[in-house]
Amino acid sequence: MTARVTNPPAAHSGSGLLQSPSLLLVVTGTLIGFNFPLGKIAGTAGVSPTIWAMLVSLGACLALLPVLAFRGHLRLPRGRMLRYAVISGVISYIAPNLLLFTVIPHVGAGYAGLMFALSPVFTLAIATLSGLKAPGRMGIAGIALGLAGAVIVSITRGSAPEAPSFIWIVAALAVPLTLASGNVYRTLDWPKDASPDALAFWSHAFSVLVFLGILLITTGGLPLGELALTPTAVVTQMIVAGMTFPAFFRLQQKGGPVLLSQIGYVAAAVGLIAATALLGESYAAKTWIGAGVIALGIAVAITAQIRGKKQ
């Protein structure tokens with residue numbers, strides 16, 4: 001019989017506001033939502049997707065390194081921890097970020113962000129098949145509302161006169177599938193007593209090494225000079241990444257993969273608003289209706305999570 005796991009083992013992970021899964025959901029999703037317009041700025045400036053994806057992981061590493069060193073937790077990963085860092089890095093950051101920053105210039109920052117809104121549905125399906133505890137009826141209703149909103153947005157975006165070609169829409173759809181796989185894996189294989197900060201650091205450190213290898217193989221060097229094309233976006237992206245992943249791994253630990261996946265709804269809404277306000281992207285009224293349905297799904301999911309804690 002398949003074991004039904006709810007969350008990774010508890011470990012010391014801070015206190016105060018970072019103890020609330022609902023708050024972590026909103027904070028993490030909001031931070032991730034800023035990746036989409038930043039990625040669009042970088043792509044428009046001519047920065048390669050590989051360099052920008054590496055920058056995200058590098059920003060996370062630079063933020064977490066002094067924290068781990070100060071706490072005396074900076075130890076080379078071994079055994080299960082090493083396996084976790086490698087697999088988590090590949091399916092959680094390397095594959096989805098390369099896909100994401102490749103498709104953003106073609107489908108737009110807002111639409112790419114909305115692909116994140118499909119990850120909860122994929123995560124729920126994979127988590128259920130893996131024997132993880134599923135959310136209650138209200139939680140599932142929140143996921144369904146979010147999915148309905150994402151479908152509305154995708155249909156209206158795909159039928160617009162400036163719609164991207166079909167191949168890029170399909171490529172964008174691969175993003176939530178990889179995200180969902182990572183969400184479930186990180187819960188199933190979470191090493192016992194491992195801290196969220198250490199797991200985040202080593203997963204991203206491995207990702208940086210892989211990105212460096214990809215650049216050396218494909219370009220014969222490290223074209224880091226591309227980052228000088230948009231220095232403000234570079235600094236902003238590294239700050240955002242450094243703030244994102246400590247919260248992200250705490251949410252994974254405290255909320256489980258299905259709740260974590262709903263950062264996709266928050267990120268989608270934030271990405272759509274930011275792309276419109278900062279980049280001048282325009283979307284039809286029906287697209288905004290879909291975004292409103294996504295927001296309703298977020299509210300229902302958070303309400304379900306709060307009620308679940310009280311029971």
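Ala, Val, Leu, Ile, Met, Phe, Trp, Tyr, Cys and Pro count as nonpolar, Asp, Glu, Lys and Arg as charged, and the others, Gly among them, as polar. The model is predicted, so local features need pLDDT of at least 70 and side-chain atom pairs pLDDT 80 or more, while totals for chains, interfaces and linings use all residues. Residues are numbered from 1 along each chain as its sequence is written, and side-chain values use heavy atoms, without hydrogens and water.

**View 1. The second largest cavity holds about 40 Å³ of space.** A cavity is a set of points on a 1 Å grid over the protein atoms alone where a 1.4 Å probe fits but cannot get out, and lining residues have an atom within 4 Å of a point. The lining consists of Gly-39, Ala-42, Gly-43, Val-47, Ser-48, Pro-49, Trp-52 and Phe-101, with helix 2 (35-45) and helix 3 each giving two or more residues. Helix 2 provides the largest share, three residues, and by class the lining has five nonpolar, three polar and no charged residues.

**View 2. The largest cavity has a volume of about 220 Å³.** Of its 18 lining residues, Ile-32, Ser-92, Phe-116, Leu-179 and Phe-248 lie nearest the centre. Helix 4, helix 8 (166-188), helix 10 (231-261) and helix 11 (263-279) each supply at least two residues of this lining, in which ten residues are nonpolar, seven polar and one charged.

**View 3. Helix 3 passes helix 4 in a right-handed crossing.** Contact (heavy atoms within 4.5 Å) involves Pro-49, Thr-50, Trp-52, Ala-53, Val-56 and Ser-57 of helix 3, and Tyr-93, Asn-97, Leu-98, Phe-101 and Thr-102 of helix 4. Seven of these contact residues are nonpolar, four polar and none charged.

Definitions and conventions. Left-handed = near helix turned anticlockwise from the far one by under 90°. Helix = DSSP H or I, 4+ residues; strand = E, 2+ residues; numbered from the N terminus. 1 Å grid on protein atoms, 1.4 Å probe; cavity = no way out; pocket = protein on both sides within 12 Å on 5 of 7 lines; lining within 4 Å. Points joined across faces, edges and corners; volume = space filled by probe spheres on them.
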